[in-house]
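Subject: Structure handover and notes

Dear colleague,

Please find below the structure that I promised to pass on to you. My notes on it come after, and I would be glad if you read them with the structure open beside you.

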Amino acid sequence: MREKLKHGAESAYLFLLVLFLYAPVVVLMVYSFNASKSRGRWGGFSLKWYAELFSDSALMSALYYTLAVAVLSAVIACVIGTAAAIGIQAFKSKGVKGAIMAVTNIPVVSSELVTGVSLMILFAAVNIPLGFPTLLLAHITFNIPYVVLSVQPKLTQLNRDLYEAALDLGAHPFLAFRKVVFPEIMPGIINGLLLSFTLSLDDFIISFFTTGNGVSNLSIYVYSMARRGINPKINALSTIMFGAVMLLLILINRRSGKDKDKNILMQG
């Protein structure tokens, strides 16, 4: 009886947690099909906000900068972060490794306000005009620690003897890395890439301090729109982006499942 009550309480807690997280998203998606501009009245099913979405040049420009910065910063941060994680793992001293990881974690635990203001002051000090390059550099900067934190555990779990065995068998260091190390840390790299892409998509504070005139991402665009009322076109855009991210995650999970099944069959 106690086990049933415990299982019921856990299920209820999980249900409330999921409801709390996704109920606002569901409401947003439903009202993206609302013919009325008012969020308090249902005016019937309509796709007009989706049609108007693609005719709004300012919104499309913000979407372009958002996706461009998110993709570029995620890829560049993934390369730099993976290389940094490999370099950190190569240190023999645990004290040095711990100190470097502590420094790497500072941007993660510190306030985004501090990071944004610091980067703005840095760009001003070196006379770099604020715009797309500074926005991209800022996003790369705060994404790198998350890639390091995603890849580092996979490197810790990696059996180093496999890499050394590949070298002993005559493989070039790069070939040994590509054939032995890279497949093992690939899940961490993918996690870091997706996390960086997601963080870049919804960042506002750092973007606000490091962008210039004529360059704004969606978070800045929505913030400026909030003063005169949120247009339902944002609901339509958010619905499309949410669906695209969900589809991407499903495809990645299916690919990961197939790779695991393939590895199990090969080991068997």
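The notes below go from the overall build to single residues.

Please bear in mind that this is a predicted model, in which local features need pLDDT of at least 70 and side-chain atom pairs count only at pLDDT 80 or more, while totals for chains, interfaces and linings use all residues. Residues are numbered from 1 along each chain as its sequence is written, and side-chain values use heavy atoms, with hydrogens and water left out.

Overall build

The protein has 11 helices and zero strands, where helices (H or I, at least four residues) and strands (E, at least two) are DSSP runs numbered from the N terminus. The C-alpha trace spans about 70 × 65 × 35 Å along its principal axes. Of the 268 residues, 31% are buried; buried here means under 20% relative accessible area, exposed over 50%, and partly exposed in between, with a 1.4 Å probe and protein chains only. Among the contacts with a separation of 6 or more, 70% are between residues 24 or more positions apart, a contact being heavy atoms within 4.5 Å. The accessible surface comes to about 16,700 Å², and 68% of this belongs to carbon and sulfur atoms; such areas come from the Shrake-Rupley method with a 1.4 Å probe, and for residues only the protein chains shown count as cover.

Nonpolar cores and a surface patch

The largest nonpolar core has 19 residues, of which Val-151, Leu-155, Val-181 and Ile-185 touch the most other members. A core in this sense is a set of buried Ala, Val, Leu, Ile, Met, Phe, Trp, Tyr and Cys residues joined through side-chain atoms within 4.5 Å. Two or more residues each are given to this core by helix H3 (57-89), helix H6 (132-157), helix H7 (160-168) and helix H8 (173-201), and H6 supplies the largest share, six residues. Leaving out residues up to four places away in sequence, Val-151 touches Thr-82, Ala-85, Ile-185, Gly-188 and Ile-189. There is also a second, separate core of 12 residues, which includes Trp-49, Leu-218, Ile-234 and Ala-236.

On the surface, a nonpolar patch with about 1,300 Å² of accessible area includes Tyr-13, Phe-20, Val-30, Trp-42 and Phe-45. Patches are made of residues with over 30% relative accessible area and no salt bridge, like charges being joined within 9 Å and nonpolar side chains (Val, Leu, Ile, Met, Phe, Trp, Tyr) within 5 Å. Phe-45, in the loop between H1 and H2, is exposed, because its relative accessible area is 61%.

Two buried loop residues

Asn-34 also belongs to the loop between helix H1 (2-31) and helix H2 (48-53), but Asn-34 counts as buried, because its relative accessibility is 0%. Beyond residues up to four places away in sequence, Asn-34 touches Arg-41, Trp-42, Gly-43, Gly-44, Ser-46 and Trp-49.

Asp-203 lies in the loop between H8 and helix H9 (205-210) and, at 3% relative accessibility, counts as buried. Apart from neighbours within four places in sequence, Asp-203 is in contact with Glu-112, His-139, Phe-142, Asn-217 and Ser-219.

Salt bridge and aromatic pairs

The structure holds one salt bridge, by which I mean a side-chain nitrogen of Lys or Arg within 4 Å of a carboxyl oxygen of Asp or Glu. It joins Asp-56 and Lys-233, whose closest N and O atoms are 2.8 Å apart. The two residues are 177 residues apart, with Asp-56 in the loop between H2 and H3 and Lys-233 in helix H11 (residues 232-267). Asp-56 is buried at 14% relative accessible area, and Lys-233 is buried at 12%.

Nine aromatic pairs are counted, under the rule that rings of Phe, Tyr and Trp (its six-membered ring) pair if their centres lie within 6.5 Å, with planes under 30 degrees apart counted as stacked, over 60 as edge-to-face and the rest as tilted. Tyr-65 and Phe-132 form a tilted pair, 5.9 Å centre to centre with 45 degrees between the planes, and this pair links helix H3 with helix H6 across 67 residues. Tyr-65 counts as buried at 18% relative accessibility, whereas Phe-132 counts as partly exposed at 23%. Ring pairs also link Phe-204, Phe-208, Phe-209 and Tyr-223 into a cluster.

With best wishes
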